[in-house]
Amino acid sequence: MRTSGFITSIFLLLIVWPSQAQEADTVKTDKLKFVPSGIRVGMDLVSFGQAVVKNGIKAFTQGDVRQWKFNADIDIHRYFLNFEYGKFNRQWNDPYFIYINEGSFFKVGPDINFLQRDPDHSALFVGLRYAQASYSDNIVFDYTNDYWSDGAIFVENTTLKSSWYEITTGMKVRIYKFLWTGYSARFKFKVNDNHANNELSPYWIPGYGLAEADSRWGFEYWLMFRIPFRKYSPVIPKEK
Amino acid sequence: MACSEPDCVSTAGELVKLGFYSYPKDSARKFRINSLELKGSDSLLVEESTNLSSVNLPLDPSDTSITAYFDTEFGTDTVQIGYDVVSRIITENCGVEILFTNVRTLQNTFDSIRVVNSNVLINFKEPGVINENIRIYN
């Protein structure tokens with residue numbers, strides 16, 4: 001799914017790209033260039049697909065993995081201000097333990113768009129994110145002990161917060177009227193994992209992944225809708 | 001807990017090691033233990049043993065302290081050792097390990113006692129050798 005999405009994005013971008021030169025003949029004044037022209041909101045199909053593939057339609061209400069990611073961006077000249085939000089809920093049913101982790105996360109940060117003059121407002125971007133997750137987890141497991149008696153342990157963390165940073169890159173292309181698609185890849189780093197401070201060392205951080213990993217990669221394939229505030233007019237430098 | 005797979009490496013130890021030292025030279029010494037008993041246990045951990053320079057006490061995962069009663073050639077002494085119990089998933093396939101951290105003495109009647117290593121971990125450099133956690137001076 002990821003590969004086909006990536007190829008589709010490339011293909012659509014190649015279709016769109018030549019048209020920008022033809023349609024961008026009109027030289028506009030730049031007085032509106034810092035006024036946002038619209039907001040784009042979207043949903044990640046990768047996390048949505050993972051839940052549905054694993055649990056079918058039940059993924060909406062139950063299942064051992066549920067993750068939803070949403071994003072929104074507004075354009076400010078050649079930059080996008082991004083806000084992402086996600087919900088995560090997973091239960092690990094292992095032969096030796098049951099671990100439950102649930103929480104939410106948000107990510108904010110700018111992108112710089114290298115296709116700023118595209119009249120369809122397509123984007124090829126790199127950006128930064130600050131991310132923060134609020135979550136809870138618990139585990140129950142049996143243990144054996146040669147001296148003391150065997151037993152069971154249940155421990156939980158009721159309120160945890162972790163933060164990290166991300167470097168992102170990706171593309172967004174218009175496919176039909178208000179409908180957009182695109183992907184983003186991200187490198188996540190510098191996380192605080194709450195490893196040493198709790199009776200239960202967190203295994204997973206919503207939005208980040210494996211808590212003990214110093215860095216993680218992420219990938220999303222977005223389906224987005226754009227709500228325009230005004231007509232978008234790319235700014236073309238005047239010829240001297 | 002499960003660590004049967006080859007890639008499953010647990011770092012967790014479950015024995016806290018107490019070493020006996022002479023004061024003030026800080027050199028290991030051997031002495032006789034008439035009995036060593038842990039509170040809450042029905043059996044003696046050590047009975048009528050001579051030339052011991054250290055003892056290993058099993059930590060209880062269901063509690064946050066153990067209390068040991070020593071009857072030695074120097075008399076009777078008690079030490080209560082506190083610790084934190086941390087549960088950690090090694091990997092999804094390897095299961096959970098119990099880490100004992102922040103080892104500390106809560107009460108003791110020995111002349112002098114010192115924590116030299118507050119984490120109870122497996123000694124990978126010297127397999128079979130338990131890292132010393134606490135030094136007792138007499």
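This is a predicted model: local features need pLDDT of at least 70, side-chain atom pairs count only at pLDDT 80 or more; totals for chains, interfaces and linings use all residues.
**Exercise 1. The make-up of chain B**

Task: State which elements chain B contains and in what order they run from the N terminus, then describe its burial and its contacts.

Solution. 
Step 1. Count the elements. Chain B has zero helices and ten strands.
Step 2. Write them in order. Starting at the N terminus, the pattern reads β-β-β-β-β-β-β-β-β-β.
Step 3. Turn to burial. Chain B has 138 residues, and 45% of them are buried.
Step 4. Turn to contacts. Taking contacts in chain B between residues at least 6 apart in sequence, 52% link residues at least 24 apart.

**Exercise 2. Strand E2 of chain A and its partners**

Task: Find which strands pair with E2(A) through five and through twelve bridges, and in what sense they run.

Solution. 
Step 1. Locate the strand. E2 of chain A covers residues 65-76, and nine of its twelve residues are buried.
Step 2. Take the pairing with strand E1 (residues 38-44) of chain A. Five bridges join E1 to E2(A), and the two run antiparallel. One pair here is A:Val41 with its bridge partner A:Ala72 in E2(A).
Step 3. Take the pairing with E3(A). Twelve bridges connect E2(A) and E3(A), again in the antiparallel sense. A:Gln67 has A:Phe88 in E3(A) as its bridge partner.
Step 4. Look at the connection. E2(A) and E3(A) make a hairpin with two residues between them, and A:His77 in the turn has a positive phi of about 55°.
Step 5. Most residues other than glycine have a negative phi.

**Exercise 3. The surroundings of A:Gly109**

Task: Decide whether A:Gly109 is buried or exposed, and list what it touches.

Solution. 
Step 1. A:Gly109 sits in strand E4 (residues 97-113) of chain A.
Step 2. Apply the cut-off. A residue counts as buried under 20% relative accessible area. A:Gly109 has 8%, so it is buried.
Step 3. List the contacts. Setting aside residues up to four places away in sequence, A:Gly109 touches A:Phe80, A:Leu81, A:Asn82, A:Leu128 and A:Arg129.
Step 4. Compare sequence and space. A:Thr168 is 59 residues from A:Gly109 in sequence, and their C-alpha atoms are 9.8 Å apart.

**Exercise 4. The cavity**

Task: How many cavities of 30 Å³ or more does the structure hold, and which residues line the largest cavity?

Solution. 
Step 1. Count. There is one cavity of 30 Å³ or more.
Step 2. Give the size. The volume of the largest cavity is about 40 Å³.
Step 3. Name the lining. It consists of A:Asn71, A:Asn82, A:Glu84, A:Phe125, A:Arg129, A:Lys172, A:Ser184, A:Arg186 and A:Trp222.
Step 4. Sort by class. Two lining residues are nonpolar, three are polar and four are charged.
Step 5. Assign to strands. In chain A, strands E3 (79-93), E5 (123-143) and E7 (179-189) each supply at least two lining residues.
Step 6. Link back to Exercise 3. Two residues of this lining, A:Asn82 and A:Arg129, are also touched by A:Gly109.

**Exercise 5. A hairpin in chain B**

Solution. 
Step 1. Find the link. Three residues join E7(B) to E8(B) in a hairpin.
Step 2. Check the contacts. Apart from neighbours within four places in sequence, B:Gln107 is in contact with B:Thr78, B:Val79 and B:Gln80. B:Thr78 is 29 residues away along the chain, with a C-alpha separation of 7.7 Å.
Step 3. Judge exposure. Exposed means over 50%; B:Gln107 has 54% relative accessibility, so it counts as exposed.

Definitions and conventions: Residues are numbered from 1 along each chain as its sequence is written. Chains are lettered from A and ligands numbered from 1 in the order in which they are written. Side-chain values use heavy atoms; hydrogens and water are left out. On a 1 Å grid over the protein atoms alone, a cavity is a set of points where a 1.4 Å probe fits but cannot get out, and a pocket is an open set with protein on both sides within 12 Å along at least five of seven lines; lining residues have an atom within 4 Å of a point. Grid points are joined across faces, edges and corners, and a volume is the space filled by probe spheres set on the points. Helices (H or I, at least four residues) and strands (E, at least two) are DSSP runs, numbered from the N terminus. Ala, Val, Leu, Ile, Met, Phe, Trp, Tyr, Cys and Pro count as nonpolar, Asp, Glu, Lys and Arg as charged, and the others, Gly among them, as polar. Buried means under 20% relative accessible area, exposed over 50%, partly exposed in between (1.4 Å probe, protein chains only). Two strands pair if DSSP finds at least two bridges between them. Contact means heavy atoms within 4.5 Å.
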